[in-house]
Amino acid sequence: MTFLNNNTETRAWSRRRTCAMWWRCAWLAAAALILSGCDMLDMYDQPKYRTFEACDFFADGSSARPVVPGSIARGQLREDEAFFTGRRDGQLIDELPPGNDLELGEALLERGQQRFDIFCSNCHGQAGYGDGMIVQRGFRRPPSFHTDRLRNVPLGHFFDVMTSGFGAMPTYNLQVDPRDRWAIAAYVRALQLSQNARLDDVPVDDRHLLEEQP
Ligand code: HEC
């Protein structure tokens, strides 16, 4: 009995050893293949320029080539002048650019309010008087939105100021996409109306509510 047992164990053990040997051979063969694959090293060492490396092939000495004039990256064709610049034929527009899903309504104004509070109120103040926290800490004070001049500028002016910057004010064209810039512009107009409402703006049926106020 003991003898048989030992014999079975010995056979199983030797089978395992053979199997391990085969694996070792396979690994060695694979390693040899990889190491002899000089082509791969060639690809690594091929002639190439690293970022910003100088080169004497091009007249300007730079290996980085400028974009061919007139190239437009996919998705960046900006044909709609009014939507992207706030101007039509170079003149500021005084309306939301038609199309582009920009419909004046509660949703647009709410979006504008949210974006204004995030991006503009820190300087302009939540009501647009130019008394935001950054100004209280010493930054140049922007003009109040509630002046006759700014009440009478075309809507496109607000869009243009955000898109291109204005004096000490930085541009917001990278942080705020065009649709949101229009939402903010519409909201700035709403802010202006809110601080300069006349009795005529209140529906006749509701005027008595105002007259009842002290
Ligand atoms: C870092 C502070 C700061 C932030 C944030 C800021 N502004 Fe201004 N803004 C200014 C200053 C300062 C001026 C006045 C610039 C000047 O006259 O040099 C100004 C001017 C303006 C004007 C008036 C331009 C004119 O015709 O006089 C408008 C409109 C305006 N900002 C809109 C916005 C909107 C909308 C946002 C948010 C997207 C915004 N600003 C964010 C600082 C800021």
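This is a predicted model: local features need pLDDT of at least 70, side-chain atom pairs count only at pLDDT 80 or more; totals for chains, interfaces and linings use all residues.
The residues concerned are L108, G112, R115 and F116. Around the axis of α4 they cover an arc of only 105°, which means that they sit on the same side of the helix. An α-helix has 3.6 residues a turn, so residues three or four places apart point the same way. The other side of α4 carries E106, A107 and E110, which are exposed.

The length of α4 can also be checked. The helix comprises 14 residues (106-119), and at 1.5 Å a residue it should span 20 Å; the C-alpha atoms at its ends are 20 Å apart, so expectation and model agree.

In sequence order the elements follow the pattern α-α-α-β-β-α-α-α-α-α-α-α. The chain is more spread out than a compact globule, because its radius of gyration is 35 Å, well over the 17 Å that the globule rule gives for 214 residues. Along the principal axes, the C-alpha trace spans about 115 × 70 × 40 Å.

Of its 214 residues, 17% count as buried, and L108, G112, R115 and F116 of α4 are buried residues. Among contacts with a separation of 6 or more, 50% are accounted for by residues 24 or more positions apart.

Note on methods:
Residues are numbered from 1 along each chain as its sequence is written. Helices (H or I, at least four residues) and strands (E, at least two) are DSSP runs, numbered from the N terminus. The expected span of a helix is 1.5 Å times one less than its number of residues. A residue is buried if 20 or more other C-beta atoms lie within 10 Å of its own, exposed if 12 or fewer, and partly exposed in between; C-beta atoms are placed from the backbone. The arc is that of the directions from the helix axis to the C-beta atoms. The radius of gyration is taken over C-alpha atoms; the globule rule is 2.2 Å times the number of residues to the power 0.38. Two residues are in contact if their C-beta atoms, placed from the backbone, lie within 7 Å.
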